[in-house]
Amino acid sequence: MPKLIPVADELSKPFWDAVNAKRLVLQRCTGCSKLQYPPQKTCQVCGNAALEWKEVSGKGHIATYIVIEDGRLNRRMPDQPYNLALITLDEDPTVNFYSNLPGTPPYKVPVGAAVEVTFEDVAPGQLIHEWCVVN
Ligand SMILES: [Zn+2]
């Protein structure tokens, strides 16, 4: 399935550098310890601008999902229908990711199931993070 190729900016570069090394890192507030994703300039809870990068385990659960049948993203139209699941991170379930759940057929998503992060090649030297159901 063709994926969107990420364009890293100054804020997200540490995240994508880690993904390219098959590691999942999130911003962690040095004030209140909140993890957050996607990267932002300040803590979404307390506004602290002192954020550090912390590696997380890459384990999560499927909160809910939809199936994209009639999306308008041209690149992805040939793949329709495809899953779009909302993943909660086990270390902090308020941190969410979207996933196409590679390996899980459309409409067959086991809501509540455990998932773990995986990394897929999307371009030379560029990986992206995805999530797969743990069997
Ligand atoms: Zn904070």
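**Core, domains and strand pairing**

Trainee: With its C-beta neighbours inside 10 Å, what does Phe-119 count as?

Mentor: In this predicted model, Phe-119 has 16 C-beta neighbours inside 10 Å. Buried needs 20 or more, and exposed needs 12 or fewer. The count lies in between, so Phe-119 is partly exposed.

Trainee: Which element holds Phe-119?

Mentor: Strand E7 spans 114-123. Phe-119 has its place in strand E7.

Trainee: Which residues does Phe-119 touch, leaving out those up to four places away in sequence?

Mentor: Sequence neighbours up to four places away are not counted here.

Trainee: How far apart in space are Phe-119 and Leu-24, C-alpha to C-alpha?

Mentor: In sequence, 95 residues separate Phe-119 and Leu-24. In space, the C-alpha to C-alpha distance is 9.5 Å.

Trainee: Is Lys-22 buried or exposed?

Mentor: Lys-22 has a positive phi near 60°, and it is not a glycine. Around Lys-22 there are 12 other C-beta atoms within 10 Å. The cut-off for this class is 12 or fewer, so Lys-22 is exposed.

Trainee: In the hairpin of E1 and E2, which residue takes a positive phi?

Mentor: Most residues other than glycine have a negative phi. The hairpin has five residues between its strands. The residue with positive phi, near 70°, is Ser-33.

Trainee: Does Ser-33 count as buried or exposed?

Mentor: Ser-33 sits in the loop between E1 and E2. It has 12 C-beta neighbours inside 10 Å. That meets the limit of 12 or fewer, so Ser-33 counts as exposed.

Trainee: In what order do the three strands form the open sheet?

Mentor: The pairing is antiparallel. E2 and strand E3 (51-55) are the edge strands, each pairing on one side only. The order is E2-E1-E3.

Trainee: How many bridges join E1 to E2?

Mentor: E1 and E2 run antiparallel. Gln-27 stands opposite Gln-36 in E2. Arg-28 stands opposite Leu-35 in E2. The number of bridges joining E1 to E2 is two.

Trainee: Over how many bridges do E1 and E3 pair?

Mentor: E1 and E3 also pair in the antiparallel sense. Val-25 stands opposite Glu-55 in E3. The bridge count for E1 and E3 is five.

Trainee: How many of the five residues of E1 are buried?

Mentor: E1 is largely enclosed by the rest of the structure. The reason is the burial of its residues: of the five, the buried number is four.

Trainee: Which loops hold Pro-38 and Pro-81?

Mentor: Most peptide bonds are trans. The bond from Tyr-37 to Pro-38 is cis, with omega near 0°. The bond from Gln-80 to Pro-81 is cis, with omega near -5°. Pro-38 is in the loop between E2 and E3, and Pro-81 is in the loop between E4 and E5.

Trainee: Which residues have the most contacts inside the largest nonpolar core?

Mentor: In soluble globular proteins, nonpolar side chains tend to be buried together. The largest nonpolar core here has 14 residues. Those with the most contacts inside it are Ile-62, Ala-85, Ile-87, Val-109 and Trp-131.

Trainee: Which elements give two or more residues to this core?

Mentor: The core draws at least three residues from each of domain 1 and domain 2. The elements giving two or more are helix H1 (13-20), strand E1 (25-29), strand E4 (59-68), strand E5 (82-89) and strand E7 (114-123).

Trainee: How far apart are the C-alpha centres of domain 1 and domain 2?

Mentor: The chain divides into domain 1 (8-56) and domain 2 (57-135). Nine residues of domain 1 are in contact with 14 residues of domain 2. The C-alpha centres lie apart by 20 Å.

Trainee: Which elements give two or more residues to the side of domain 1 that touches domain 2?

Mentor: The residues of that side divide into six nonpolar, two polar and one charged. The elements that give two or more of them are H1 and strand E2 (35-36).

Conventions
Residues are numbered from 1 along each chain as its sequence is written. This is a predicted model: local features need pLDDT of at least 70, side-chain atom pairs count only at pLDDT 80 or more; totals for chains, interfaces and linings use all residues. A nonpolar core is a set of buried Ala, Val, Leu, Ile, Met, Phe, Trp, Tyr and Cys residues joined through C-beta atoms within 7 Å. Domain bounds come from an automatic or database domain assignment. Two residues are in contact if their C-beta atoms, placed from the backbone, lie within 7 Å. Ala, Val, Leu, Ile, Met, Phe, Trp, Tyr, Cys and Pro count as nonpolar, Asp, Glu, Lys and Arg as charged, and the others, Gly among them, as polar. Two strands pair if DSSP finds at least two bridges between them.
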